[in-house]
Amino acid sequence: METAQIWAVLPAVGAAASFGSAGLLQHRVSRQAPPSGPLRPRLLWDLIRISAFRWGVLLGALGFALQATALSFGPLSLVQPILATGVLFYLGIAAAVMHQAPDWRLVGAALLTTVGISGFLVAAKPVQSGGHLHGLIWPLGAAFAAAVVLCLVIATRLAHRFRALPLAVAAAICYGVTASLVRSLVSSVDLATLFGQWQLYAVIVLGPAGFLLNQNAFQEGRVGSVAVAVITVGDPVVSIIAGAVWLGEPLAGGPGPTTAQVISLLVMTAGIVLLAHRAQAVGERIRGEQGEESDMPEVQ
């Protein structure tokens, strides 16, 4: 491994650990706040008053800074698979905090999900471009918006214990689109024209919306690893799709890479399905042991 890649791996591992830790803190705290419907800012007001949530936000910011550092030294195909291990850090830290052995079926499902997204990113080998937006900007944007609305509609029609999945998907879409727009801003826009770019205002809306949906998913799900896994997987997939269509960053083609991408997506999907199924079983076990109280001790 080249020296530059080593300097990419180290902050990427730190970013994965930071994101996993932030997800754990935010999940613990979200279940202490009064129930809130999707995209209602009141939830953030309730959460920000809890110090543990503020620590979670700081850890998330640290993870983002480490991710940016890693990407300055290494390609997306190297950094993003490492970041996908954030769900494994989440499970490991949660087990340590609760003084329990990890649920190995849950870990296995999370590992399968991580292998799937990692394989997809390695096979896809997205190519960086100049960052200029072009192509089907508004049709794809409308498709992403429709997908978020559909997720919210599905969430309102599901029982509480199942709502975390569509809410996490909606959050992942917001995060992925935000990442692609940020990529466009930092690559092709100078400071003098920044405030005249519509992408900036879209980021200002989509970033907080994704974060709020993330907290909604944590609040609805008794086992936060499902939301963490879906967002960890969905964010890069959406950003890669947007990059290919909007920024001209195509995926590797040909029979071999395409087959590997399809197989990896199937493995990733199987991992998420198994993770959701096992998380439901773990959640029911926790509910039976502790009643309807939170599955983790309160933190202030």
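## Overall architecture

The chain comprises 11 helices and zero strands, where helices are DSSP runs of H or I with at least four residues and strands are runs of E with at least two, numbered from the N terminus. Read from the N terminus, the order of elements is α-α-α-α-α-α-α-α-α-α-α. This is a predicted model, in which local features need pLDDT of at least 70 and side-chain atom pairs count only at pLDDT 80 or more, while totals for chains, interfaces and linings use all residues. Residues are numbered from 1 along each chain as its sequence is written, and side-chain values use heavy atoms, with hydrogens and water left out.

Of the 300 residues in the chain, 47% are buried; buried means under 20% relative accessible area, exposed over 50%, and partly exposed in between, with a 1.4 Å probe and protein chains only. Among contacts with a separation of 6 or more, 83% join residues 24 or more positions apart, a contact being heavy atoms within 4.5 Å.

Helix α6 covers residues 104–124, a total of 21 residues. Its first and last C-alpha atoms are 30 Å apart, close to the expected 30 Å, a span defined as 1.5 Å times one less than the number of residues. Just after α6, lysine 125 adopts a positive phi of about 45 degrees.

Threonine 114 belongs to helix α6 and counts as buried because its relative accessibility is 7%. Neighbours within four places in sequence aside, threonine 114 contacts Pro81, Ala84, Thr85, Val87 and Leu88. Leucine 88 is 26 residues from threonine 114 along the chain, and their C-alpha atoms are separated by 8.5 Å.

## The largest pocket

The largest pocket has a volume of about 1,600 Å³. On a 1 Å grid over the protein atoms alone, a pocket is an open set of points where a 1.4 Å probe fits, with protein on both sides within 12 Å along at least five of seven lines; lining residues have an atom within 4 Å of a point. Grid points are joined across faces, edges and corners, and the volume is the space filled by probe spheres set on them.

The lining of this pocket consists of 49 residues, with Phe19, Phe64, Gln67, Ala179 and Asp235 nearest the centre. At least two lining residues come from each of α1 (3–30), α3 (51–73), α4 (76–83), α6, α8 (164–188), α9 (198–220) and α10 (225–246). Helix α10 gives the largest share, 10 residues. By type, the lining has 29 nonpolar, 17 polar and three charged residues; Ala, Val, Leu, Ile, Met, Phe, Trp, Tyr, Cys and Pro count as nonpolar, Asp, Glu, Lys and Arg as charged, and the others, Gly among them, as polar.

## Valine 230 in helix α10

Valine 230 is located in helix α10 and, at 6% relative accessibility, counts as buried. Residues up to four places away in sequence not being counted, valine 230 touches Leu165, Ala168, Val169, Ala172 and Ile272. Valine 230 and alanine 276 lie 46 residues apart in sequence, with 9.7 Å between their C-alpha atoms.

## Cysteines

The structure contains zero disulfides, a disulfide being a pair of cysteine sulfur atoms within 2.5 Å.
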